[in-house]
Amino acid sequence: MATPTLEKDTLQLGQTSSNNEKTPSDIKVEVDSVEELDLYRPLKLDDSIPHEESILTARAVIVGIILGGLVNASNLYLGLKTGFTFGASMFGAIFGYGILKFFSRTNLPIIGGPFGPQENSIVQAAATGSGGIAGLFVAGLPAMYLLGTMGDGTPNPKDDFGKLITITIVCSFFGLFFVTPLRKFFIIRIGRELRLMFPSPTAVALTIQSMHAGAAGAATAVKKLKALGISFTLALVQKVASLYATGVLYDWHFFTWIHVWSNYTSWAMHIESWGWWFEITPAFIGSGMLIGMNSALSMFGGAFLAWGVIGPLLVFTGECAGKLQIPDDPLWKDWYSYTSLKNLGHTTPSPRYWLLWPGVMIMVCTSMAELFVQYKVIWYAFKVVGHRMSVSINDFLVKRGKHSEFFAKRAAQDVKGTEDMVEDPATPEQQVPVAVWSIGLLVTIVLAMLIFHFQWGMHPGLTILACILGFIFSFLAIQIGAVTDQTPLTAASKASQLIFGAATSGKGYTIKDAQRLNLVAGSLASGAADVATSLTGDFRTGFLLGTPPVKQWYAQACGTLISVFLAPGLFVLFTQAYPCILNGDDHCAFGVPSVAAWAAVASAVTDPEVHIPLSAGIFAIVMGVFSVCQVVFRHYYLVGEREKYRVWLPNWGAVALSFVLPNPVFTTAAMFGAIIAKLWRHYSMHTFDIYCYAIAAGFIAGEGLGGVVGAVLQIANVSGDVYGTTVGCPGGFC
């Protein structure tokens, strides 16, 4: 989970580890003994599977794009409501199997013919591409409207549709092009040495392998498909129905009920005000089924610490303040909101603004510490880059009959021994051509300079800085995600915002211009890291299944091209249905936590009237240092025989995530899902392996698509606002 940018920070499909790292046994999918597998070599596929001559088929790409489009739509809803977005890989792999397996039984041209695991990986690659980049539209871009840096007067994204598409093109294809040559670096050269497992992509590969494992695999695949279809349908129906009775079918406000039943006593509403109710959200119950007990407990513990201890203490001491939800109604005189991020610098801050800074600090410090303890990656990266440059220069000189002892000597050096080298199943002809990604990258950077200058008012030098930061933070995100399955997009975006705050300070920009540039730069870093991490994960899935990377790349590129138009269109749909998304209405159906967090950081680093509370800054520094110490302690001390104790350490990334969420509702739902998975796995491991991933993926996509249906109903004026009931909702608001 998939946020400050909450996008994909801790909830990744396939994540079941109980700690920050996944062991091979944690990503077991229908394998009797994972210990016998070498997950740093291509998987052994069923001998009965015929050789797949053509896998980059029209049917695979089109089906993948459609499935990814459903996830994209789902992500817009879930991201705007909760700040979280989810990957489309597992959903595309399982649903794609069912659709193409059905097609394969026909003799129809184009859609008929044999279907194997490599073509299945093409489906999920296309789904990943078309399901991505939604994060831009649940964080940085709507934050521009919230701060008034986009348009004049009433914000209307429909009028800015062209600008939204162009910035999406830059963020998407910049990440797609620059990460392509890093495939060999992360997956082939250093994968085994640094234990870069890529848990979710590996789980997808194992799932595809199991579904194509002969008759037994086909039977298992049918079970997975049925489970996914049923859970998807139930979640969709439940979400749409709940729009007409939210207080009954979706949000259970226990303390509001007590408040009403006990003649409007005050103590119950004090608890309600801090967000302690239960939400029947299939998406986050499903997410909890995937993330494991350690991450779920860390999130829930962080939420209790933030909204059960620190927040109330801040209000009690007067450091922070809340505001009445319904000031003029004496029946709700004890119902407060403690999440406002409005009028920063002019009023006493809310607990949410105070908690934002330690949350961001912990995330950034933990992510950076995880990167730097893997110093071998950085050092080896420099060695590889230097070696390749030397080889290129030496070859250039030799072709022209010249010689340089310096470059010849370094070109002849072997920068890596063969003992830890991972076997690459792809031949040179199956790699993405250098001309494709290098020319594409150059064109994208030039396009970025032009678009950001003429449409967003950014100096070309600042655009180059934004691209460099995007590359650096993508490198960080890929490496950390490969080990922990947590993509630190929050760290990438917030660090970029802080750096750009310093870069634009004192340069004569108005506050609005500085905020716009700040959010554009953060969006580039976050969007590029998102796409780069997704493509690298797909390369890992394809590596295990023996899929040529060039064909995966083209499939994901096709999906990405569709998402460039799909994500902005869906954003316009939601903002037309719910204008409150862009004005920060406290009673909006969408909490937009990522949007508010991005806007708050942009204001703090650009507006001299907005300050970080001193106590929040001190606490943030202390917690940041502590989280770094734990990373060092875990990495250097809890090794060997002591490694088993790592499970007892809190996941500070998950704790920090709870600090920046506006309430503990989502962490409570995820905790409930994790408990279900824990009990299920304990009492029936076999059925857990078959059904868990599929059910969770169906829950997540189903609720999100139900939200899209809700937006359409809202525009048609037949939504729950018109025909529904607010029974069970505090003050008539849910």
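Biologist: How many salt bridges does the structure hold?

Modeller: This is a predicted model, in which local features need pLDDT of at least 70 and side-chain atom pairs count only at pLDDT 80 or more, while totals for chains, interfaces and linings use all residues. Residues are numbered from 1 along each chain as its sequence is written, and side-chain values use heavy atoms, with hydrogens and water left out. A salt bridge is a side-chain nitrogen of Lys or Arg within 4 Å of a carboxyl oxygen of Asp or Glu. By that rule the number of salt bridges is 4.

Biologist: Which parts does the salt bridge of Glu119 and Arg59 tie together?

Modeller: The side chains of Glu119 and Arg59 meet in a salt bridge, with N to O at 2.8 Å. Helices are DSSP runs of H or I with at least four residues, numbered from the N terminus. Because Glu119 and Arg59 lie in separate helices, the pair ties together parts that are 60 residues apart in sequence: helix α3 (residues 117-131) and helix α1 (residues 58-82).

Biologist: Is Glu119 buried or exposed?

Modeller: Buried means under 20% relative accessible area, exposed over 50%, and partly exposed in between, using a 1.4 Å probe and protein chains only. The relative accessibility of Glu119 is 2%, so Glu119 counts as buried.

Biologist: What separates Asp513 and Arg516 along helix α19?

Modeller: These two residues form a salt bridge, the closest N and O atoms of Asp513 and Arg516 being 2.8 Å apart. Asp513 is partly exposed at 25%, whereas Arg516 is buried at 15%. Because they are 3 residues apart in helix α19 (residues 511-545), their separation is about one helical turn.

Biologist: Lys333 forms a salt bridge with Asp334; is Lys333 buried or partly exposed?

Modeller: The closest N and O atoms of Lys333 and Asp334 are 3.1 Å apart. Asp334 has a relative accessible area of 13% and is therefore buried. Lys333 has a relative accessibility of 49%, so Lys333 counts as partly exposed.

Biologist: Which residue's backbone nitrogen does the side chain of Ser298 reach?

Modeller: Ser298 is found in helix α12 (residues 282-317) and, at 6% relative accessibility, counts as buried. Leaving aside neighbours within four places in sequence, Ser298 is in contact (heavy atoms within 4.5 Å) with Pro650, Asn651, Ala654 and Val655. At 2.9 Å, the side chain of Ser298 reaches the backbone nitrogen of Asn651.

Conventions:
Helices (H or I, at least four residues) and strands (E, at least two) are DSSP runs, numbered from the N terminus. A polar contact is a pair of N or O atoms within 3.5 Å; within protein, one must be able to donate a hydrogen and the other to accept it, and residues adjacent in sequence count only if both atoms are side-chain atoms.
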